[in-house]
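The stops below take you from one selection to the next.

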Amino acid sequence: MEYIAVFAHPDAWASLLTLTVLEIVLGVDNLVFVALATQGLSPDRAVKASRLGLGMAVVFRLVLLAGMVWLTRLTLPLFAVWGHEVSGRDIILTLGGLFLLYKGTVEIHEEIDPEGEDGHRKGGKSFWRAIFQIALLDIVFSLDSVLTAIGMADEFVVMALAVIIAVTMMILAAGPVGQFIRENPTVKMLALSFLLLIGMTLIADGAGYDIPKGFIYSAIGFSLMVEGLNQWARRSRKARGADE
């Protein structure tokens, strides 16, 4: 009853709506990684892996929300490097960014040279390996998501509900996004470049350089618009060729 009473105030609904939208926006990079991490799996296993991975994202976020005191301590300085105070959050973001750079580079290499130097095509990805990678990055992406939630709302139930709604929408979108990337190789290469961009952003954030998210999303949005025009032009040429 206490949790229900929270929504008797209009401010709670406004906070829920605003925070849900922000959580969805912050989850875009997570969704891109999930779609790429499941690319080597069969379509049905890719859907299962993405749903399981994003389901873990809900758990990670709720656990972090429940441990807000511990999360606050995670932002306290541990030591200093060249005048920059390094916290536990900085270390996690930097390691996550390095992993994204590694993952993106390896995936681009496999996309360009799928057979490798020995001339043999590499096997498919492991289901549980994909789940492990998604879980690993879920922890990194959950930090910013939860810190945003704490800054935007005062009530735990509002924060938790916004996280659940946002991740549920990501789960619904993961299948179509993954399928679209599988069917369009140029989109996959574009998504891999986003992975490198997000990785560098995480490293910069961990090093104390705050890059506004708006710049990142603007670059991604512009790239998607250009790719959309390329897709439209390609389909138009195919349609004209079929008519001839």
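A residue counts as buried when its relative accessible area is under 20%, as exposed when that area is over 50%, and as partly exposed in between. Keep this in mind for several of the stops. The model is predicted.

**The whole chain**

Begin with everything selected and a cartoon view. The protein has 10 helices and 2 strands. Read from the N terminus, the elements follow the order α-α-α-α-α-β-β-α-α-α-α-α. Of the 244 residues in the protein, 39% are buried. For contacts between residues at least 6 apart in sequence, 80% join residues at least 24 apart.

**Arg-45**

Select Arg-45, which sits in helix H4, residues 43-66. Is Arg-45 buried, exposed or partly exposed? Its relative accessible area is 39%, and because values between 20% and 50% fall in the middle class, Arg-45 is partly exposed.

Arg-45 and Ser-126 are 81 residues apart along the chain, and their C-alpha atoms are separated by 10.0 Å.

**Phe-127 and Trp-128**

Move on to the aromatic rings. The protein has 2 aromatic pairs. One of them is formed by Phe-127 and Trp-128, with 5.2 Å from centre to centre and 90° between the planes. Planes over 60 degrees apart count as edge-to-face, so the pair of Phe-127 and Trp-128 is edge-to-face.

Colour the two residues by accessibility. Phe-127 is buried, at a relative accessible area of 12%, whereas Trp-128 is exposed, at 58%.

**The second largest pocket**

Last, turn to the second largest pocket, which holds about 300 Å³ of space. Which residues are closest to its centre? Select Val-32, Val-177, Val-187, Phe-194 and Leu-224: of the 17 residues that line this pocket, these are the closest to the centre.

Then colour by element. Helices H3 (28-37), H8 (156-183), H9 (185-206) and H10 (213-243) each give two or more residues to the lining of the second largest pocket. H10 provides the largest share, 6 residues. Coloured by residue type, the lining of this pocket divides into 12 nonpolar, 2 polar and 3 charged residues.

Terms used: Residues numbered from 1 in each chain as written. Predicted model: local features only at pLDDT ≥ 70, side-chain atom pairs only at ≥ 80, totals over all residues. Heavy atoms only, no water. Phe/Tyr/Trp six-rings, centres within 6.5 Å; stacked < 30°, edge-to-face > 60°. Buried < 20%, exposed > 50% of the residue type's maximum accessible area, 1.4 Å probe, protein only. 1 Å grid on protein atoms, 1.4 Å probe; cavity = no way out; pocket = protein on both sides within 12 Å on 5 of 7 lines; lining within 4 Å. Points joined across faces, edges and corners; volume = space filled by probe spheres on them. Helix = DSSP H or I, 4+ residues; strand = E, 2+ residues; numbered from the N terminus. Nonpolar A, V, L, I, M, F, W, Y, C, P; charged D, E, K, R; others polar. Contact = heavy atoms within 4.5 Å.
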